[in-house]
Every structure is written in structure tokens, then in C-alpha cells.
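Colleague: I would like to learn how to read the features of a structure. Please take them one at a time.

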Amino acid sequence: VAKTSLTSPPWPEVKLPDPVEEAKHHAEVVQKVNEMIATGQYGRLFAVVHFASKQYKITSEDLIMMDNVLQAECGDRIRMEKVLLVGADDFTLIGRPLLGRDLVRVEATVIEKTVSWEKINMRFRKKRNYQRKKIITNPQTVLRINSIEIFPCLS
Amino acid sequence: MVLLSAPLWLRSRLSDRFWRVQEVLKYARHFRGRKNRCYKLAIRNVQRAFVKSTQARKQKKRFLRALWITRIEAASLEHGLKYSAFVSNLFKTQVELNRKMIADLAIYEPKTFKSLAALAQRRRQEGFLAALGDGKEPEGIFSRIVHHY
């Protein structure tokens with residue numbers, strides 16, 4: 001039968017690779033990455049951490065500021081557990097949505113607890129003699145990320 | 001002797017007028033023209049400046065999100081994906097990075113962004129295949145497709 005414009009669908013045909021070969025390839029990659037982690041062949045690690053309802057991209061020796069109070073004294077060590085992504089130069093581990101607790105360990109220390117600069121909230125309506133001025137100071141906490149460690153327990 | 005009625009009190013006069021005026025003028029020092037020196041012109045503009053800064057604090061969130069979206073779109077187009085496809089497929093694979101992080105990764109970690117784009121592309125193709133179905137005819141009589149060759 002002659003080929004017309006409607007013999008094949010207008011969208012490009014999509015072919016997925018063979019599942020058996022894919023599974024083998026995946027297992028190889030996982031084993032390689034495990035070896036690399038076990039031997040310690042990565043340089044500087046970066047992680048994406050969900051902390052205080054915000055996401056931060058952190059490395060070691062990093063300073064982070066959160067715009068609220070933390071129930072921990074200055075100098076306390078904290079372990080951050082909600083890690084979304086960990087990466088190095090050659091590999092990245094993407095969590096769906098979080099990575100396991102036995103895979104990554106992020107340690108941080110509380111450095112200072114201050115109050116933000118004086119932000120001024122003003123409401124004004126013209127010709128109505130209406131103005132309200134409010135000075136807002138949010139409490140802030142500064143943390144220093146001590147270290148990010150990964151352990152070779154991929155599967 | 002205690003003076004009880006108000007009109008018999010002495011009229012009080014301001015002694016710290018200078019400092020009250022300076023409190024307002026300190027916020028006007030970087031303005032242009034006479035409104036950085038003269039109190040009457042300065043209070044109007046200082047009030048407008050405060051109101052605009054409160055409004056801008058809300059708009060900043062909108063602007064930054066639009067900026068992140070533009071950056072993610074540019075980066076994903078470099079890898080052959082549109083922003084809508086990229087973000088929707090990434091969400092379907094249960095990767096919950098927000099737009100700020102994806103934009104930062106696209107700037108500072110290009111290899112990671114490339115792997116995210118590949119993940120989204122693969123999920124998109126699997127979605128297409130799942131939507132197309134097996135390629136066989138549907139069961140039932142009225143839903144049969146007639147082939148004219």
C-alpha cells in the first residue's frame with residue numbers, strides 16, 4: 001500500500017531501550033558509583049537540603065541563614081535529615097523525593113541567633129489622614145554546615 | 001497647690017524638634033533635589049518610599065519566581081526540552097526540587113541539570129507509550145475502527 005500522510009501517526013515514534021539490557025546497565029552503574037563512594041574518589045560534595053520550609057544548596061564550610069527561631073542553643077550540632085539531592089563531580093544521587101537517612105549525613109552547628117534589620121511596614125491613603133507605621137524585626141539563626149558525608153549503601 | 005483645669009496649665013514647647021526632624025530626614029538622605037534637605041518635602045517622599053517598599057516585598061517573590069522560570073526554560077531548551085515538559089515530567093517522577101534550586105543547579109551544576117533533563121525526557125517518552133496503549137483495536141463493536149486500504 002502506498003504511504004500517504006496519514007499512514008503513520010504525526011508524532012515521532014518513540015522506542016524505549018530493551019528492559020533486560022537496561023537493568024544490566026543500571027546495575028553496572030550502581031556498582032561503579034558504590035565503588036567510587038567506598039574508595040572516596042569524590043572531591044567536594046554538594047547537597048540540596050529542605051530546611052525551615054525552604055530548599056538550600058549547601059557544601060561544607062557553608063553559612064546558612066534561616067528567618068525564624070531554632071530551638072537549639074548556640075554551638076549545638078544539628079543533623080539535617082531531609083536531603084533531596086547529593087552530588088559530586090562525577091555522579092549525582094537524586095532522591096524521590098528524599099534520600100535515605102543511611103545514605104547521607106549532613107551536620108551543622110548553630111553559630112548565632114540574631115534579629116534582622118528593622119523593616120518598615122507602612123500603609124498610607126492620600127487625603128484621608130490614614131497612615132500606619134510598623135517596624136518589624138524577624139529573629140534569624142545562622143548555621144554553619146560542618147560536613148556532608150555519604151555511605152556506599154546503594155542498591 | 002495642684003492646678004486641675006487645663007487652660008490654667010502652662011503651654012509646653014517642644015525641645016527636641018531637631019531630633020524628631022532628623023528621624024525622618026535620615027531616611028531621605030539619598031534622595032535627589034531639595035527633598036533630601038527640607039522636612040516638608042521629605043516627609044511626603046519618605047512616606048511614599050516606605051509604602052513602596054512594603055508593596056515591593058510582596059512583588060519581589062513574584063519577580064524572582066518568574067526569573068527562575070525563565071532561567072530553567074533557557075537551560076532546558078539547551079537540552080531539547082520545553083519548560084512545561086521538563087517541570088511536569090520532573091514532578092511526575094516525584095523529584096520535589098523547587099524552581100529556585102533547579103535554576104541554581106542549572107547555573108552552577110550543569111552536569112546535574114543535564115541528568116535531570118534526561119530523567120524528564122525519559123519519563124515523557126514512557127508517558128507517551130503508556131498513553132498510546134498496545135496498538136490493538138479496542139473491544140466492542142461501535143468502537144471498532146474501519147480500515148480502508
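Colleague: How many disulfides does the structure hold over all chains?

Modeller: A disulfide is a pair of cysteine sulfur atoms within 2.5 Å. Over all chains, the structure holds zero. This is a predicted model, in which local features need pLDDT of at least 70 and side-chain atom pairs count only at pLDDT 80 or more, while totals for chains, interfaces and linings use all residues. Residues are numbered from 1 along each chain as its sequence is written, chains are lettered from A in the order in which they are written, and side-chain values use heavy atoms, with hydrogens and water left out.

Colleague: What is the area buried between chain B and chain A?

Modeller: Buried area is the accessible area (1.4 Å probe) that two parts lose on being put together, summed over both. Here the value is about 2,600 Å², and carbon and sulfur atoms give 62% of that area. On the chain B side, B:Q47, B:F50 and B:R122 supply 18% of the area that chain B buries against chain A, more than any other three residues.

Colleague: How many salt bridges does the rule find across the interface?

Modeller: A salt bridge is a side-chain nitrogen of Lys or Arg within 4 Å of a carboxyl oxygen of Asp or Glu. The rule finds three between chain B and chain A. B:R122 forms a salt bridge with A:E22, where the closest N and O atoms are 2.8 Å apart.
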